[in-house]
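Please consult the sequence and the structure alongside the text.

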Amino acid sequence: DSMHNVRKITEDLYWVGGDEHRLHLFENVHPIARGVSYNSYLLLDKKTVLFDTVDWAIGRQFIENIKHVLKDRKLDYMVINHMEPDHAAMIQEVVMHYPEVRIISSEKAFYFMNQFGFHIDPEKCETVVEGDTKSFGKHKILFVAAPMVHWPEAIDLTNGVLFSADAFGSFGALDGKLFNDEVNFDRDWINDARRYYTNIVGKYGPHVQALLKKAGGIDIKMICPLHGPVWRNDFEYLLDKYNRWSKYIPEEKGVMIVYASMYGNTENAASVLARKLVEKGMTNVHMYDVSKVHVSELIAETFRYSHIVFASVTYNLGIYPPMHNYLMDMKALNVQKRTVAVVENGSWACKVGSLMVQALEEMKDMNILNEKVTLTSSMTEDNHIEMDSLVDAILDSMKDK
Ligand code: FEO
């Protein structure tokens, strides 16, 4: 019984979650080289309250953490903010260890609980709706609904602690640290936080905006998400990022060149484009081999930069499959408000340019530049001239108008 590994957050609130380092793909899709944490929080008031559980993978650790913090007290309540199994998997185990526990959640979440096969005695369930409050002794908790964005939320009105579910979370294991001021977030975490947000809830920008406004009216002193560091200061930094991402406003003026190249010729065109941009003063240029860089990273970078150039070879008279996958993911995640251009290549029939433009036209508020470069297998001197026009068009579109 000595596996416990907990952190104290306030005098009566504890982090009882844990890290997962062995999982390679989050949701079986997104690579997590730095692991991920599953956060769960335990409040020791007159009543004891657990906020969310964790993934199966760290179940044993989790139960030991709870037992260590509760000592010989019983668990009175469990608040379930989010029903995805990375947080809800341990609900039934908690009930087995603490049979008297009552579960507080929304009607929808109870419905999902059933759907996932957790059949909790209805006598133990307490349904809350948006705006409900509940006191556990000293602490009064307000419940806020947030459909679609993985964030039904609970706010501790007594000390301004926001239990934000997936909101303000990040990939990356905590490795002993817990608070945002114990890590160098802007150096070590922001890329994973951006990749987490954009790929998991990037699609729901307007919902996120609505929530930011709702939370704006409450004096928040601490944000406790279900993944990644707990925030206790520097909120402006985090809110500015969330505000940009949810409004699809780029963080930086810069060009990402995503290229699909079979034998290196399209890659060569991408390199020439990058060099020409740099020579004309635009040094914030980044190249990505679409076959090598995971699409979740491409999506995160897409939310970051203002300009994207798609350079692709024609494949089976269509778009090269990994490039197609990236474009489809962009559309699914509602990417908008970018300036874009295409570079196409084809040895027999060059189709890919018009197909990529078509895909981009289906996205919102895309400024598609007319300047296009068409390669027939490899770069020619004419292509260099086309490329110069494209560079000028990109730089011109960057001027503040
Ligand atoms: Fe971390 Fe939406 O689950």
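The model is predicted. Its chain contains 12 helices and 23 strands, and the C-alpha trace spans about 80 × 40 × 35 Å along the principal axes. Of the 401 residues, 57% are buried. Among contacts between residues at least 6 apart in sequence, 72% join residues at least 24 apart. The chain exposes about 17,600 Å², of which carbon and sulfur atoms supply 50%. The 43 positive and 55 negative charges have mean positions 3 Å apart.

Helix H11 comprises residues 352–361, and its buried residues are Val352, Gly353, Met356, Val357, Ala359 and Leu360. These residues lie on the same side of H11 because they cover an arc of only 160 degrees around the axis. The buried residues of H11 pack against strands S19 (305–315), S20 (318–319), S21 (339–345) and S22 (367–368), as well as helix H10 (321–332).

The structure holds 18 aromatic pairs. Two of them are set out here.

| Pair | Geometry | Centre to centre | Angle between planes |
|---|---|---|---|
| Tyr77 and Phe136 | edge-to-face | 5.2 Å | 65 degrees |
| Trp231 and Tyr237 | stacked | 6.3 Å | 20 degrees |

Tyr77 lies in strand S9 (residues 77–79), whereas Phe136 lies in the loop between strands S12 (133–135) and S13 (140–144), so that the pair links parts of the chain 59 residues apart. Tyr77 and Phe136 are both buried, and Trp231 and Tyr237 are both buried as well. Elsewhere, ring pairs link Phe168, Tyr197, Tyr242 and Trp245 into a cluster.

Technical notes: Residues are numbered from 1 along each chain as its sequence is written. This is a predicted model: local features need pLDDT of at least 70, side-chain atom pairs count only at pLDDT 80 or more; totals for chains, interfaces and linings use all residues. Side-chain values use heavy atoms; hydrogens and water are left out. Helices (H or I, at least four residues) and strands (E, at least two) are DSSP runs, numbered from the N terminus. Buried means under 20% relative accessible area, exposed over 50%, partly exposed in between (1.4 Å probe, protein chains only). Contact means heavy atoms within 4.5 Å. Accessible areas come from the Shrake-Rupley method with a 1.4 Å probe; for residues, only the protein chains shown count as cover. Lys and Arg count as positive and Asp and Glu as negative; His and the chain ends are not counted. The place of a charge is taken as NZ of Lys, CZ of Arg, CG of Asp or CD of Glu. The arc is that of the directions from the helix axis to the C-beta atoms. Rings of Phe, Tyr and Trp (its six-membered ring) pair if their centres lie within 6.5 Å; planes under 30 degrees apart count as stacked, over 60 as edge-to-face and the rest as tilted.
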